[in-house]
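Colleague: Please take me through this structure, starting with a pocket.

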Amino acid sequence: MKQNAQPPLDAEMSTTAERFSRGFALAYTGLMRALEPPFAAIQKRVGIKGMAYVFVAPNMIIFSVFVALPMILNIWYALTGSNRLMIGERPFVGLDNFSALLDCKDYLDVNSCKQDRFWRAVHNSVLFVALQVTAMVALSLVTALILNGKLRARGFFRAVFFFPVLLSPVVVALIWKWILQRDGLLNAFLMDGGFERVAFLHDASWSFFWTVFVSVWAHMGFYALILLAGLQAIPADLYEAAEMDGTPKWRVFWRITVPLLLPTLLVVVILSLIRAVQAFDEIYVLTGGGPGTATQFIVQYIYETAFANQVHLLGLAAAASLLVAVVLMVLTLLQLRISYHGKTS
Amino acid sequence: MFKQLKTITGGLMALCMPVAAMMAAANTAKAADPTEVRIMWYSDGNEGDVMRDLLDRFEKQNPDIKVTLDRVPYKTVVEQLPALLDSGQGPDLARVTDLGGLSRHYLDLRPHLKNAKYFDDNFASSLPWFRPANGNKDGIYGVMSQLALTLPLVNTTLFQQAGIPLPGPKATWDDWAKASKAVADKVKAPYPMAFDRSGHRISGMSISMGGKFIDGDKPALVDAGFKSGMKNLVDWHANGTMSKALWGSVGGTAYRGATEEFANAQVVFYMSGTWQFTQFAKTVAKNFEWQAVANPCGPAACTGMPGGAALVPIKATKNPQAVARVVEYFASEPVYEEYHARTLFLPAHAGLAKKGINYVTDDANVKKSLAIAVEQVAQTSPIAFKFQGYEHNRILFNAMISRVNQAISGEMSLDDAYTRMQADIVEGFAAKGIKLQ
Amino acid sequence: MRPESDISMASLTLDTITKSFGQLEILHGIDLDIADGEFVVFVGPSGCGKSTLLRVIAGLEPATGGTIAIDGEDVTHHSAAARGLAMVFQSYALYPHMSVYDNLAFGLENMRMPKDQIAQRVNTAAQLLQIDKLLQRKPGQLSGGQRQRVAIGRAITRNPKIFLFDEPLSNLDAELRVQMRIELSKLHKDLKSTMIYVTHDQVEAMTMADKIVVLRDGRIEQIGKPLDLYNHPANKFVAGFIGSPRMNFISARVTQSSATRVSVSCGGMQDTALPVNGTGLAQGDMVSLGIRPEHLELDAAGDWTLTVDVVEQLGGTSFIHGTLPSNEALSIAVNGQTNVSHGQPIRIRPKPGMVHLFATTEGERALPPSSASV
Ligand SMILES: Nc1ncnc2c1ncn2[C@@H]1O[C@H](COP(=O)(O)OP(=O)(O)O)[C@@H](O)[C@H]1O
Ligand SMILES: [Mg+2]
């Protein structure tokens, strides 16, 4: 070997690394040897085919305990009443919770509903989803298009747009609260510029606007990244062919980029739709659903009804979450269908 | 390949888990030599430190008992403790403020106490607050860890700067609202009046205005007195006496205090309570002068709401004897006195109240405020005491704070808000198995 | 077929075209004239810059230096669309979401041509390429050969001044490639358009081109008619690149030279006299002797001996691969079948006048420099 030619430090390091990797290999084989007998014994019992289930079992157990079981419990809660937590102590009430939720003279007038808070949350969520998803898709598409272009320091800008996605929702909300609150950064700027202070977080319309804005800001990078991947999957020679064909830029966008991006775009729409329906954490920390109930969305309603209010109306909350689950299920099926179609075409 | 690896690791972990559990069990078995008593405890000020200090002394005297003080945020006590208690997994003792609402989980200590008469003699007025409706008529279900009273805290420095005199002890709510607004306008303070966003804090004003809240054991929330109290709040928000920036920054029944704003000298008149004294002694220090003032008057009374926190034993405990010894130690006169002297809390102990407590503070603002607070306890309306002892008062508190906020934000009229409050109350009682109407 | 008036043709002139990507110069000054209606093939090994040159001509890449003129008009700074050229990409680059019809019509729609005219053009091109039954299909539903036709059709409908093809057949299987080669040649005859065709396959170059441009490392090595390149390669690279199977090269030493004759010793054998102008060569000079396999024949009286390693019998032709006494490899192509077998020493001789000499100095140009063996 050329060990002699190497500086001594290098040689030392390589031997350390070697020793380390040898140690690792030793530990690994030791571990595997130790595991051999019990697994062999199990295999003797269940056969080679059964082993698959043995290996899947831990995951299935975790899934059933933390996903499937709560889902079933949720249905039971929805069909029972009282403020008791233990399911044995809860009286069966049939569909009472659902009929209470759906008891409205006019679904467009929240004040005519028995559960006005639920319907306020539904109305707010519908508006929120419509605005947020539109803004999210449009802005992330524009961002992706810009980032896909010939941009100086493209990697840097990609990181900048993706960065908020890595932040915890609570951090996102606190950052923006710090900017938007009465004595926040934005008001400080406004007042420096000689403007009036604006009640960004306790005026109903403003605070609704900011919930949309902040949630778009926080998640846009994620969707922009998906769209960017979609854009880059469009072969460059199609654009060259279009260039040879003398195609104007806007026509390239509408006739080539958009149709070829459509499957990705639909995935983004559905994903952001589902997440908009589930919006909670940033908004809860940013506005707490206020002022009044102006930014209270469906998940916050469920949370507060079940846990935050003095009397825990678990049945009502469970019923509401089932209704939301049905809506999300429909949206998810839609997404699966669309992505399936996208794949086959 | 990777997937396989994952399942293998998963299997490994599953295999290791029982071993870990066994080891953990062995550990606890060893440590369980002295009986462990767990207390879930939240703090507003220094009471956690004081309590720990006192408990250390207790442990020295009682080596057979180890007391663990689990310090949690107040929110945990409000939102998580009820679920823990429902599922039978609560602590042995807890410091709670929803005295009546959780009372079905409390343990009657009377059979386990060495000297139950001491409790009867000294805690007679507060014992009923946490006695469950269907419990033992003379049961001892805990001991107050703090008697509190809602009352206004006023930034007197701002009054001086504005050149406006403090309204006198018999001043009305109207007087205070006008004076606070005038001061704030003069000194450019953003919050003339601030209330903690809590049903409890706005109830005192309503009782002063003539509100009754309960009728026998039935809720009777909406009456003329209550309405004029609520109307005050809506009007004050409309005319800028109260800022929407405080209550408007959260929704639902969420609590929102103004301690930070008060400590920053942005608030002229802060409707909060006696538990804030220690905190302001620290955060305000000598930056400005402040003091508690007598509760403003309405046509019916000049009252705040009593309240406070109690240390309650939980029925599910496995060591009622040990729990009783901890409570008896805490309630004993010297310990109880030291605790209050150091925490600057008002005692719910008749003997100590009469004797007076020599509070450990050299903060003039606090001294002045404590004197007024003690006076104010005597001024408190019987309706306020009764409402505070009402098992279901939280349902009413929640209904009023969330709905009046919707009226304030303009989402509904006050009349609609009253209707909704009543509907909420009916719903809350129904969930507890009580049919109203 | 299309009406005469529709056909536009054009000449192309490149003047010292250079192209760099960043610091790296890929094309080092390309001079080239292409006449109206010519079928020109750029050939060269992979990575030599053929595609880059084609893309510079197309206007997809700006030239770093030099000028491009079409029909005498300087188009160096014109956009791709303004140059009026059409390109057929190696990957076809069909718009996958459009029908074949829309693919063909897309460029015409850009020109805002009336719908009926578009239909007429598309249909004419489709018939010409026999894809008129496929017009409603999507590219994903076509075979490779059909896609290739659509790609060509898309170029035809635009009626370009020059067709540009970048290795259009390389994604097809061998059989289809031969067929498409013939069809493309036929198309060129029908359309009479100027076509520039890039390939790394010298067979395509030889069979289709009016004129071949051999490129190496961003430089033109030789320009000429296919047979001129075959017969008179300007240097050893061209000689080796053009012609299949590849030309044999043997290193040789000049033993004697005159204006009409050069004698060399090579292959570890006795001197071979070649009827070549030896001016400028001195005794003792090292040269490369080149001879195509088909220009060697078995002859019991031949001067050269060869030990046979492998015999490939194709029926119509046979290839004998062997080793010279000097250990250099040599291949021979013989017509028909042979009974020579492995390990057998055979005697061979070069056909008279078919031997090339190349300098071993830089450029390895043919000797004498004017090219040609005698
Ligand atoms: N866009 C580009 N950026 C940098 N280098 C390139 C680019 N395109 C081609 N090249 C380089 O230019 C050289 C010639 O490429 P190309 O023209 O594609 O070769 P050919 O088509 O003859 O195989 C190659 O070395 C290739 O790596
Ligand atoms: Mg190429």
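**Pocket, helices and chain contacts**

Colleague: How much space lies in the second largest pocket?
Modeller: About 930 Å³, the volume filled by probe spheres set on grid points joined across faces, edges and corners. A pocket is an open set of points on a 1 Å grid over the protein atoms alone, where a 1.4 Å probe fits, with protein on both sides within 12 Å along at least five of seven lines.
Modeller: This is a predicted model, with local features needing pLDDT of at least 70, side-chain atom pairs pLDDT 80 or more, and totals for chains, interfaces and linings using all residues. Residues are numbered from 1 along each chain, chains are lettered from A in the order written, and side-chain values use heavy atoms without hydrogens or water.

Colleague: Which residues lie nearest the centre of that pocket?
Modeller: Lys150(A), Tyr239(A), Glu243(A), Lys249(A) and Val252(A), out of 22 lining residues (an atom within 4 Å of a point).

Colleague: And which helix supplies the largest share of the lining?
Modeller: Helix α8(A), with five residues. In chain A, α3, α7, α8 and α9 each give at least two (helices are DSSP runs of H or I, at least four residues, numbered from the N terminus).

Colleague: New topic: is Thr52(C) buried or exposed?
Modeller: Thr52(C), in helix α1 (residues 50-58) of chain C, is buried because its relative accessibility is 14% (buried is under 20%, with a 1.4 Å probe and protein chains only).

Colleague: What is Thr52(C) in contact with?
Modeller: Beyond neighbours within four places in sequence, with Lys19(C), Phe21(C), Ile26(C) and Leu27(C) (contact is heavy atoms within 4.5 Å).

Colleague: Which chains have the most contacts?
Modeller: Chains A and B, among the two pairs that touch. Chains B and C do not touch, and their nearest C-alpha atoms are 33 Å apart.

Technical notes
Buried < 20%, exposed > 50% of the residue type's maximum accessible area, 1.4 Å probe, protein only.
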